[in-house]
Amino acid sequence: MFYTIYEFLKMSETILIIGACGQIGTELTQKLRSVYGNNSIIASDIREGNEDMMHSGPFEIIDATDRETIIKVIEKYKITQVYLMAAMLSATAEKYPQKAWELNMNSLLIVLDLAKEKLIKQVYWPSSIAAFGPTSPKVNTPQQTVMEPTTVYGISKIAGEHWCNYYHQKFGVDVRSIRYPGIISWKTKPGGGTTDYAVDIYFKAIEEGKYECFLEEDTRLPMMYMEDAVNATIQIMQADEKEVKTRTSYNLAAMSFTPKEIASEIKKHIPNFEISYKSDFRQAIANSWPQVIDDSQARKDWNWQHKFDLESMTNEMLINIKKQQEGVLPSM
Ligand code: AKB
């Protein structure tokens, strides 16, 4: 009897998502449930999620730093893979450095240890462009280069990348990771990041026709539409083990733009839209990050390809936010 790859995956994997109610976790959970079947995807977070999250499949309350609860849930559902999506992002981490370090690091070390002890087979852990710093090349930032981050979040990401590599080299742990750029979505709002302006701007454009940006007009940063980010995440986890040659984390790119450029794209749809600029502490964070990422390694190793650019993403964002406001689509 022959099975399609999806039927085979559905039969063989049971996945725990820790931090399922965050910006990426929410949409990743939906997508994984559609690929593997609702009951194979166990969503978890420190608090309950939206209606769809709670009713479309199993959900458990998990504090990502609580090893015992994580073990109980892994045993209860016979989990094979963990996607560890819980993290404190760049802007919030600058305010609560100790908490950020504890959450971002302890949760990773717990999950890597459980994989080392063979309680689970595979781990996904997200890194970020924040792992780079002011001394990294800003344009076409290579996969391997100088990495001296100057933010708490960035320090946790570069340390985490090396822990992943260490557990892979030393104990054979199958851990896979992507350095996400800023992620943009109309379904779930981000919280506490430096790239969050690129989501808020669309909502404010429709709701108020104007937006005050906390970054300066020429601040160029790498960005990606959520659909691409979710697809990349699942793609790297499904890739053949031999194809995943980098076990720190892969550069991943789709587009790079400035606040001025996204505003002029929005103006094509909303001609009266106005943007003003009042930068705050997040400007220094953005200034320390790359502007354009070279992701040729991911494209070569596991055939990564993005779908959305600034123009197609802006279309999607504006159409869907309008539908949300008309009550045709559920709001955030
Ligand atoms: C942030 O702005 O902190 C995140 C990131 C780039 O990792 N979106």
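The protein divides into domain 1 (5-182 + 223-251) and domain 2 (185-222 + 255-290 + 308-325), with bounds taken from an automatic or database domain assignment. The model is predicted: local features need pLDDT of at least 70, side-chain atom pairs count only at pLDDT 80 or more, and totals for chains, interfaces and linings use all residues. Residues are numbered from 1 along each chain as its sequence is written, and side-chain values use heavy atoms, with hydrogens and water left out.

- Taken over C-alpha atoms, the centres of domain 1 and domain 2 lie 25 Å apart.
- Domain 1 brings 29 residues to the contact and domain 2 brings 30 residues, where contact means heavy atoms within 4.5 Å.
- About 2300 Å² is buried between domain 1 and domain 2, and 63% of it falls on carbon and sulfur atoms; buried area is the accessible area (1.4 Å probe) that two parts lose on being put together, summed over both.
- Of the area that domain 1 buries against domain 2, 36% comes from Q23, M223 and Y225, more than from any other three residues.

- On the side of domain 1 that touches domain 2, the elements giving two or more residues are α2 (23-36), α5 (90-95), β11 (221-225) and α9 (226-238); helices (H or I, at least four residues) and strands (E, at least two) are DSSP runs, numbered from the N terminus.
- The largest contribution to that side is from α5, with five residues.

**Parallel sheet**

- Three strands form an open sheet in the order β6-β8-β12, with parallel pairing; two strands pair if DSSP finds at least two bridges between them.
- β6 (127-128) and β12 (250-251) are the edge strands, each pairing on one side only.
- Strand β8 (residues 178-180) runs parallel to β12 and is joined to it by two bridges; R179 has N251 as its bridge partner in β12.

**Salt bridges**

- The whole structure contains twelve salt bridges.
- One links K121 and E13, with the closest N and O atoms 4.0 Å apart.

Terms used. Salt bridge = Lys/Arg side-chain N within 4 Å of Asp/Glu carboxyl O.
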